[in-house]
Amino acid sequence: MATRRTDGMNAGGGKRGPRRALSAGLVVATVLTTALSIWLAVGLTGQRAAEQRRQDVLAAARQSALNFTSLDYRHYERDSGNVLKSATGDFKKQFAAQTQQLTELVAENKSVSEGQVLEAGIVRSDARSARVLVVADSKVTNTAVPGGESRTYRLQLDLVLEDGQWLTSDVEFVG
């Protein structure tokens, strides 16, 4: 008559219960490690995308402010064109509407403004819009001030993402 063993030993003398528990534990640990790795990779990708968007917004705001504060009567058409290339919406319409008048005024006064962006910081942003504060200096020379004078501007720029490019939709001078 065959007897059945109940002490966890099989007929070959091995322990099947602890081996199964160890194998199950390794499978669970592998699954958890894989899930954690995927979760971290997705989070890192999201952080990289947010940082890239932040850098793109700041670069666009800096360039727009530089274009806005760097104008020369000798090539005002090109300089005002640079402002319009990085503009959209009401700001673009308003600036375009004033271009002829500004061209005459700048030429009459032989105005040259050499801008330099000192600081820029994002106030708020999302995937499609941003608000940036920019501090810029400009050395301005014209017929009234031939030796030039320095001016400091504090600008608030609203930007929107259009066709993969951040464009300025509004510019305000702030205190």
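Contact here means heavy atoms within 4.5 Å. In this predicted model, the buried residues of helix 1 are covered by elements that include strand 1, helix 2, strand 2, strand 3, strand 4 and strand 5. The largest pocket holds about 580 Å³ of space, and helix 3 is the biggest contributor to its lining.

**Helix 1**

- Helix 1 covers residues 16–69, a run of 54 residues.
- At 1.5 Å a residue, helix 1 should span 80 Å, and its end C-alpha atoms are 79 Å apart, so the two values agree.
- The buried residues in helix 1 are V57, L58, A60, A61, S64, A65, N67 and T69.
- Residues three or four places apart in an α-helix point the same way, because there are 3.6 residues a turn.
- The cover over the buried residues of helix 1 includes strand 1 (71–72) and helix 2 (76–85).
- Strand 2 (112–125) and strand 3 (129–141) are also among the covering elements, as are strand 4 and strand 5.

**R62**

- R62 sits in helix 1.
- R62 has a relative accessible area of 32%, which lies between the 20% and 50% cut-offs, so R62 counts as partly exposed.
- Leaving aside residues up to four places away in sequence, R62 touches V117, E119 and A120.
- R62 and Q98 are 36 residues apart along the chain, and 22 Å separates their C-alpha atoms.

- Strands of a sheet pair through backbone hydrogen bonds, either parallel or antiparallel.
- Strand 4 (residues 149–162) and strand 5 (residues 165–173) run antiparallel and are joined by eight bridges.
- E162 stands opposite Q165 in strand 5.

**Turn and loop residues with positive phi**

- The hairpin of strand 4 and strand 5 has two residues between the strands.
- D163 lies in the loop between strand 4 and strand 5.
- D163 is not a glycine, yet has a positive phi of about 50°.
- The relative accessibility of D163 is 84%, and the cut-off for exposed is over 50%, so D163 counts as exposed.
- K110 also has a positive phi of about 50° without being a glycine.
- The place of K110 is the loop between helix 3 and strand 2.
- K110 is partly exposed, with a relative accessible area of 47%.

**The largest pocket**

- The lining of the largest pocket is made up of 23 residues.
- F68, L71, Y76, F95 and L102 lie nearest the centre of the pocket.
- Helix 1, helix 3 (89–109), strand 2, strand 4 and strand 5 each supply at least two lining residues.
- Helix 3 gives the most, with eight residues.
- By class, the lining has 14 nonpolar, seven polar and two charged residues.

How values were computed:
Residues are numbered from 1 along each chain as its sequence is written. This is a predicted model: local features need pLDDT of at least 70, side-chain atom pairs count only at pLDDT 80 or more; totals for chains, interfaces and linings use all residues. Side-chain values use heavy atoms; hydrogens and water are left out. Two strands pair if DSSP finds at least two bridges between them. Helices (H or I, at least four residues) and strands (E, at least two) are DSSP runs, numbered from the N terminus. The expected span of a helix is 1.5 Å times one less than its number of residues. Buried means under 20% relative accessible area, exposed over 50%, partly exposed in between (1.4 Å probe, protein chains only). On a 1 Å grid over the protein atoms alone, a cavity is a set of points where a 1.4 Å probe fits but cannot get out, and a pocket is an open set with protein on both sides within 12 Å along at least five of seven lines; lining residues have an atom within 4 Å of a point. Grid points are joined across faces, edges and corners, and a volume is the space filled by probe spheres set on the points. Ala, Val, Leu, Ile, Met, Phe, Trp, Tyr, Cys and Pro count as nonpolar, Asp, Glu, Lys and Arg as charged, and the others, Gly among them, as polar.
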